[in-house]
Amino acid sequence: MIALVVSLQVKPGRRDGFLAAITKNAQATFTDEPGCHYFDVNVDTADDHHFVFYELYTDQTAVDAHRATPHYAEWRKAVEEYVVAGTQQNTLTELLSHHA
């Protein structure tokens, strides 16, 4: 399993539009992509414009398939509009342990 952890900062005054865009992307990913097992959107308790996503995919092929979808292309356009440039950090990791 491959976990993708994303951290980013939303532009001031753009939170509502960002939430609509990420909700749409996360729901489409989880619902329409069989290789996606989780897509959690989290907000920092100390900064309501700092978000962290936790996405869990079957393998790298599923991550690549995700990045090739129309809803991901739409999400990338939203990033340009809502996310502070240079703040998005993506970390791909191999899941070693999961406790349900």
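The buried residues of helix α1 (residues 15–32) are covered by elements that include β1, β2 (36–44), β3, α2 (60–67) and α3 (70–82). Here contact means heavy atoms within 4.5 Å, and buried denotes under 20% relative accessible area, exposed over 50%, and partly exposed the range in between, with a 1.4 Å probe and protein chains only. Helices (H or I, at least four residues) and strands (E, at least two) are DSSP runs numbered from the N terminus. The model is predicted, with local features requiring pLDDT of at least 70 and side-chain atom pairs counting only at pLDDT 80 or more, whereas totals for chains, interfaces and linings use all residues. Residues are numbered from 1 along each chain as its sequence is written, and side-chain values use heavy atoms, with hydrogens and water left out.

Helix α1 comprises 18 residues and spans 25 Å from its first C-alpha to its last, close to the 26 Å expected at 1.5 Å a residue; the expected span is 1.5 Å times one less than the number of residues. Its buried residues are Phe18, Ala21, Ile22, Asn25, Ala26, Ala28 and Thr29. These residues cover an arc of only 165 degrees around the axis and therefore lie on the same side of α1, the arc being that of the directions from the helix axis to the C-beta atoms. Asp16, Gln27, Thr31 and Asp32 are exposed on the other side of α1.

Five aromatic pairs are found in a search of the whole structure. Rings of Phe, Tyr and Trp (its six-membered ring) pair if their centres lie within 6.5 Å, and planes under 30 degrees apart count as stacked, over 60 as edge-to-face and the rest as tilted. The pair formed by Phe18 and Phe53 is stacked, because the ring centres are 6.4 Å apart and the planes lie at 15 degrees. This pair links distant parts of the chain, with Phe18 in α1 and Phe53 in strand β3, 35 residues apart. Phe18 is buried, at a relative accessible area of 0%, and Phe53 is likewise buried, at 2%. Ring pairs join Phe18, Phe39, Phe51, Phe53 and Trp75 into a cluster.

Strand β1 (residues 2–9) is largely enclosed by the rest of the structure, because six of its eight residues are buried. Two strands pair if DSSP finds at least two bridges between them. Strand β1 runs antiparallel to β3 (residues 47–57), to which eight bridges join it, and pairs with β4 (residues 89–94) in the antiparallel sense over six bridges. Ser7 stands opposite Val52 in β3 and opposite Gln89 in β4.
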